[in-house]
Amino acid sequence: MRDYDAATAFLGEWGRFQRLVFFLLSASIIPNGFNGMSVVFLAGTPEHRCVVPRGANLSGEWRNASIPLELRDGQEVPSRCRRYRLAALANFSALGLRPGSDVELEALEQEPCLDGWEYSRDVYRSTIITEWNLVCEDDWKAPLTTSLFFVGVLIGSFISGQLSDRFGRKNILFLTMAVQTGFSFLQIFSTSWEMFTVLFLIVGMGQISNYVVAFILGTEILGKSVRILFSTLGVCIFFAIGYMLLPLFAYFIRDWRMLLLALTVPGLFCIPLWWIIPESPRWLISQGRYKEAEAIIQKAAKMNGIPAPAVLFDTAEMQDSKPQQQQKAILLDLFRTRNIATITIMSLLLWFFTSIGYFGLSLSTPDWHGNAYVNCFLSAVIEVPAYVIAWLLLRSLPRRYSLSGTLFLGGSVVLFIQLVPAELNVLSVGLVMLGKFGITAAFSMLYVYNVELYPTLVRNMAVGATSTASRLGSIIAPYFVYLGAYDRFLPYILMGSLTVLIGILTLFLPESFGNPLPERFEQMLKVKCFRNEQQTTGIRSSKESPKSLITPL
């Protein structure tokens, strides 16, 4: 809205009102850090082996030898999913034969865990894995649980923007908070894996919707200079704070139902914010509700100790200042010319593989050497300097080199993990942390870079398309972690290779640093290999139009 900034300029940029909105909206993101990564502990898989019933007629010696050994990470350990056939062992035990000396164990017939599993309680007291025995033949259900959460995130990212445009930012913000908190609470009473997973999908929808709407509301209320700080540091760092608190809760509460209850309670503290956080005046004006918008601005002026003009918004003037109807864009416009299609395809791949790297490393913390709770905490802590570095890089260095450098750093150090000797566990964890730092920094820069590449007509559509590619990457990421059950280094080899590859490809994208945002297709920068070529004609030109608000859909 062209005259809104001028009409509200008297408020200043960083008064008491703006500080309150900044910190309260950022704080509302903290529960997102809980729910986004809670599956790391809710679905933690402890060490397990087949149960040998007490009623089995086995001597102590045969009972100890009832589980075959298998090679895992270069060591012989008891099998997780097989045992020797108990009927045969009972016969040998009754005959007084001894395992190993009288009977060759390797030649014995094996059977699955017909009587269930016994689980180690060293790390977790209970998880959904131990609750519903999601191991061995059913181990595929664990990564599917996480993937379906991110399917919910994908669905929520589609609907949240449309809902907030129709029903208001504030209403949808608190509705999605209620969905996230309420359905998380219902998960506590899950009686089956299927019930838990369906509820988890709905939690995912609320989780991303809350994030997106808080982002929109903050960027519409805050002034230009504070808006950049809010969108790059405020929201991201408060998400990381929630992520950091997760392992602290999980360390002291090791039962998954009680942990989920503890993670749900903080959402209730957001209820009083309903009476503090205002509706977006921009949205109210777009709906013709000028009196309500004026009341919010006058209240803000009073809070900042600044006298407000008697008339803030002239109805006729605001109607005249509405932008002229723009030409409608379609998805095919992102592939209209060879140059635009190349930028779009490379951007989709960039978002997809960066998302796999970020969520793959975040979800794999229990598989790192050392304590799972400490590893998760370190994985969250490293995000704070990553966001700060990304913000500094965006202010001073070219986009392509910043993105490519952080991706190459993240991918290459993850690749080096396989070369670290087994006894240097601290070094391997340090390399994973450095990899997470690089990929997180790159991930946080993608929105800004993506916005700068596309013209106004298709900018929101481009952000939506690339963000969808990111969600698809997060859906696939749990299966990269799942591959670690077959080879401990395989997930890191795949994630590291793909991240290095996409880091190299980023160098071929145009450089947007220091350039004005393109308004028309003709103003789009060219991919490196197309610079000397004439751009294909026939693209649909659009009239110059005001810059639209970009939101992370």
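## The link between Cys81 and Cys136

In this predicted model, Cys81 and Cys136 are joined by a disulfide, with 2.0 Å between their sulfur atoms. The torsion about the S-S bond is -95°, and the link of Cys81 and Cys136 is left-handed.

How exposed are the two partners? Cys81 has a relative accessible area of 25%, so this residue is partly exposed. Cys136, at 11% relative accessibility, counts as buried because the cut-off for that word is under 20%.

## The link between Cys50 and Cys113

A disulfide joins Cys50 to Cys113, with an S to S distance of 1.8 Å. The torsion about the S-S bond here is about -60°, which means that the disulfide of Cys50 and Cys113 is left-handed. Cys50 sits in strand E1 (residues 48-50), while Cys113 sits in the loop between strand E5 (110-112) and strand E6 (117-119), so this pair ties together parts that are 63 residues apart in sequence.

Both ends of this link are worth a look for their surroundings. Cys50 is buried, with 1% relative accessibility, and Cys113 is buried as well, with a relative accessible area of 9%.

## How the cysteines pair up

Which pairing do the bonded cysteines follow when they are numbered in sequence order along the protein chain? The pattern is 1-3, 2-4.

Cys236 counts as buried at 11% relative accessibility, and Cys270 counts as buried at 10%.

## The loop between H7 and H8

Now return to the loop between H7 and H8, where Cys136 lies. The backbone at Cys136 has a positive phi of about 55°, although Cys136 is not a glycine. Cys136 is also an end of the disulfide with Cys81.

What is the phi of Asn133? Asn133, which is not a glycine, has a positive phi of about 50°. Asn133 is found in the loop between H7 and H8. With a relative accessible area of 27%, Asn133 is partly exposed, whereas Cys136 is buried at 11%.

Conventions
Residues are numbered from 1 along each chain as its sequence is written. This is a predicted model: local features need pLDDT of at least 70, side-chain atom pairs count only at pLDDT 80 or more; totals for chains, interfaces and linings use all residues. Side-chain values use heavy atoms; hydrogens and water are left out. A disulfide is a pair of cysteine sulfur atoms within 2.5 Å. Helices (H or I, at least four residues) and strands (E, at least two) are DSSP runs, numbered from the N terminus. Buried means under 20% relative accessible area, exposed over 50%, partly exposed in between (1.4 Å probe, protein chains only).
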